[in-house]
Amino acid sequence: MKKETKNYLVSLSCAVLLALLIGAVIMLITGHNPLEGYGALFTGALGTPRGIGNTLYKAAQLCITGLATAVAAQAGIFNVGGEGQMFLGALAACWVGASLNGQSPWLVIPLCLAVAAATGAFYAWIPAVMKVKMGISEVITTILMNTIAIKFCTYMANGPLKTTERGVNQGTASLDKLFRFDKLIPGSNLTETIFYIAVLTFLVWYLMTRTTAGFEMKLTGQNPRFAKFSGIRAERLAIIGMLISGALCGLLGMFECFGLQTRFKADFSNEFYFDGMLVAMIMRYKPVGIILMSLFFGVLKIGGITMQSRTGISSELILIVQSIIIFFMAAEDGVMQRLRLRRAARGLVRSAGKDGEA
Amino acid sequence: MEKGETMVSFRHVSMQFPGVLANDDVSLDIRQGEVFALVGENGAGKSTLMNILYGMNKPTGGEVYIKGQKMTEFSPKAAIARGVGMVHQHFMLVPSFTVAQNIMLNNEPRRGIFYDFKAANDTVNRLVAEYGLQVRPEDRVEDISVGLQQRVEILKTLHRGADVLILDEPTAVLTPQETEELFAVIRRIVAERHMTIIIITHKLYEVMEISDRVGVMRQGKLVGVRNTAEVNERILASMMVGKEVLLDALERVDDHDETVAIEVENLQVRDSRGLMAVNGLSLRVQRGEVLGIAGIEGNGQSELIEAITGMRPIHGGTVKIQGHDIRGLSPGQIRALGLAHVPEDRLSTGVSAKADITDNLIVGKEKRPEFSLKRVHMKRRSIRRYAEEIFRKFDIRGAGVDTLTGDLSGGNMQKVVVAREFSFDTPVLIISQPTRGVDIGAMDFIHQQIIAKRNASCAILLVSADLDELYRLSDRMVTIYEGRITGEFLPDSIEKTEISYYMTGGGSRKEAAR
């Protein structure tokens, strides 16, 4: 393992442990037993099939959105617009799917997958081209385009595409039972989509770390001038990175709606994308790190709910722990440098002392 | 204070950076009224030592005394208060301000709440008269030459009351003539004002010319201090590198096949501001020869090279590489015609500092069958084996091929660039500033590689700000001035002073007459 990676993992473990420790202190102060609290948290997340299912579901969500951020970032574009791409992908797939109710799922599901991916990718392509051809900051355009997409989808779900079924708030017509992704563990949110997500995760990991395209994207992100100088078609790769990012978001939108929701609902996402973006940023856009961190955050999120119900410790504590990890990792660069300097200075004094003795 | 008294005293000063001991137990006294030259290879610790004196770095060990007083606070402010001034390699001036505004920065004369331009100009004129450094206070800094900008920097420090002046590689950006003028200024302020001057430099003949004493640094240690009168360049060079360097053992094999590989015809290129930086320039390079371009920076060399390599659009004229017109082609397409390129700025263009050495060595070759399956799946083992082989062959010094390129010294980073570009084995090489900021050992190595390429019948276009380098490597030389070629010479038939005359435009009329 590279020294850099090793140092980073050490820092990350320290940050996680410290955050858990601070969480424990808070439990103590508020009159709870930290062992009990964390016990409930981990058994809640991993102790029952239902817990494991929910944890995996949450982790998969974070993983895909995290990788979507990372794949664009690797090529030098910061996609903040995943939420919008996800909404449009979900709506398009649901609309196509519901209009084909009754047809063979072997036809409809692949078609919907393609529609979701293409819609998400298209919506990411717009800001990518604006960035590459005109130099317009993608951060601003993607944030603004989120609002447009979400409002548009909400309008569609409340208006033109609103279902006629009763009792369904801001949703489109329900999907044929055969099209839906079934639950794998009764009572949990885990659906068959986890298999699709596993495949996608592998593909993105492979693309980013093992292919010439991933390599060229990485160099483009690190130093676009150098990439151009070396004959890499940097602009094209930046656009491809965004297309993949948008496609992943669109697919996740479809998975959510074809799985848990059984239709497009305007409130299906609780800003999923931004949680994943955070994971990607903490892990500096490294795919393996994102996968692991997604699992850990999944455990915290799901276990937190059990913790609250079983011990009365507010699940807000989990947010505090997460925030502390993010805070530490953001400070990591500066802290590490200072530590290195101090260690170096101490080493110097020691060697000077030895010289003195001799 | 009497002449000859100790002005600055370093006592066992050490400076530890992460992974690098930049100064190792340095003890040195610098006296009032002397010109002290500090020489050493790149990364020898000269700049670090002077940055400590100027308060930019706090030493991790030892003490520094200025005029007998121990320095307790390390900041430029504290150093300036004690009379230490420093002119950095990269000037710290505001381009859109006038000369006077820059000199009076942080010390502005006011009338009421308004800036008092007249008082500022008067003060500067007084300084000019006092020190004999000619500048015009009302000129904008962005409009004046680099040599004048340097004067402004010096005046700024003098205005702040400096009596110890540190000059960090002051001649790196100057023409030979400007260097002469700078030295005249140094001599005058030392003779008349008893200033103490510390000059950091790479160039040994300048040490011989200007300094009273010279300190040589190597790998963070001060290896010796000598009276300049008692040494010569050869002795200094061997102190710097620890072994005798023979800088004149380049073997040339003359076997011109006379095919023209680079053909530039009446080229016009605009710079980033839209001005015509290259204006009607023509040149030809045959295989098996090195054509050196001599010129003062900013006369269109960078734009010429960028146009030839596809990094900048061609406005007019033609460029042919191996007979192919390159207009409209991307850098990648031009490379495919058989061109490799060592760029002038390695950090911004030549490497990705955030990637490791392996990545930087393999770029551009990643789709070759030996390194990827079907141009997609990277063969990591053979890539690593290849990187390690190149790493050894080009004598790159770092912990290994996993080292981040940004952590390498300038010389080693340049070796990474040269290693990658030269191992494309292309018939055409475009090389800009191959040894800028590189130590003598690495420089000699790179020179040998360039000549080896020439002997293997590469066509090489070389741009360098270092005349010695051009003389050593070129088969033919041309001078460039304001985007045009002003003369063509054979290196052994022309004096450096004559060349510098052409570089400053002196020859353009003659050229027209020829």
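**Figure 1. The buried side of helix H7 of chain A in the predicted model.** In H7(A) of this predicted model, the residues Thr193(A), Tyr196(A), Ile197(A), Leu200(A), Thr201(A), Val204(A), Leu207(A) and Met208(A) are buried. Because these residues cover an arc of only 135° around the axis, they are placed on the same side of H7(A). Against them pack helix H3 (49–74), helix H8 (212–222), helix H10 (234–261) and helix H12 (287–311) of chain A. On the other side of H7(A), by contrast, Phe195(A), Val199(A) and Phe202(A) are exposed. The 18 residues of H7(A) should span 26 Å at 1.5 Å a residue, and the end C-alpha atoms of the helix are 25 Å apart, which agrees with that expectation.

**Figure 2. Leu203(A) within helix H7 of chain A.** Leu203(A) belongs to helix H7 (residues 193–210) of chain A. With 13 other C-beta atoms within 10 Å, Leu203(A) is partly exposed, since a residue counts as buried at 20 or more such atoms and as exposed at 12 or fewer. Ile313(A) lies 110 residues from Leu203(A) in sequence, and the C-alpha atoms of these two residues are 40 Å apart in space.

**Figure 3. Helix H13 of chain B and what covers its buried residues.** The helix, residues 380–393, has 14 residues that should span 20 Å at 1.5 Å a residue, and its end C-alpha atoms are 20 Å apart, which agrees. Ile383(B), Tyr386(B), Ala387(B), Ile390(B) and Phe391(B) are the residues of H13(B) that are buried, and they lie on the same side of the helix because they cover an arc of only 140° around the axis. The elements that cover these buried residues include helix H12 (357–362), E20 and helix H14 (410–422) of chain B. Arg381(B), Arg392(B) and Lys393(B) are exposed on the other side of H13(B). Just after the helix, Asp395(B) takes a positive phi of about 55°.

**Figure 4. The hairpin of strands E11 and E12 of chain B.** Strand E11 (residues 213–218) and strand E12 (residues 221–227) of chain B pair in the antiparallel sense, with six bridges between them. Within this pairing, Val214(B) has Arg226(B) of E12(B) as its bridge partner. Two residues separate E11(B) from E12(B) in the hairpin, and in the turn Gln219(B) has a positive phi of about 45°.

**Figure 5. The side of chain B that touches chain A.** The contact takes 28 residues from chain B and 24 residues from chain A. On the side of chain B, the elements that give two or more residues are strand E1 (6–17), helix H10 (331–336), helix H11 (346–350) and strand E20 (377–378). The residues on this side of chain B divide into ten nonpolar, twelve polar and six charged.

Figure 6. Taken along the principal axes, the C-alpha atoms of chain B fill a box of roughly 70 × 55 × 50 Å. Of the 514 residues, 46% count as buried, and among the contacts in chain B with a separation of 6 or more, 68% are accounted for by residues 24 or more positions apart.

Notes. Residues are numbered from 1 along each chain as its sequence is written. Chains are lettered from A and ligands numbered from 1 in the order in which they are written. This is a predicted model: local features need pLDDT of at least 70, side-chain atom pairs count only at pLDDT 80 or more; totals for chains, interfaces and linings use all residues. Two residues are in contact if their C-beta atoms, placed from the backbone, lie within 7 Å. Helices (H or I, at least four residues) and strands (E, at least two) are DSSP runs, numbered from the N terminus. Ala, Val, Leu, Ile, Met, Phe, Trp, Tyr, Cys and Pro count as nonpolar, Asp, Glu, Lys and Arg as charged, and the others, Gly among them, as polar. Two strands pair if DSSP finds at least two bridges between them. The expected span of a helix is 1.5 Å times one less than its number of residues. The arc is that of the directions from the helix axis to the C-beta atoms.
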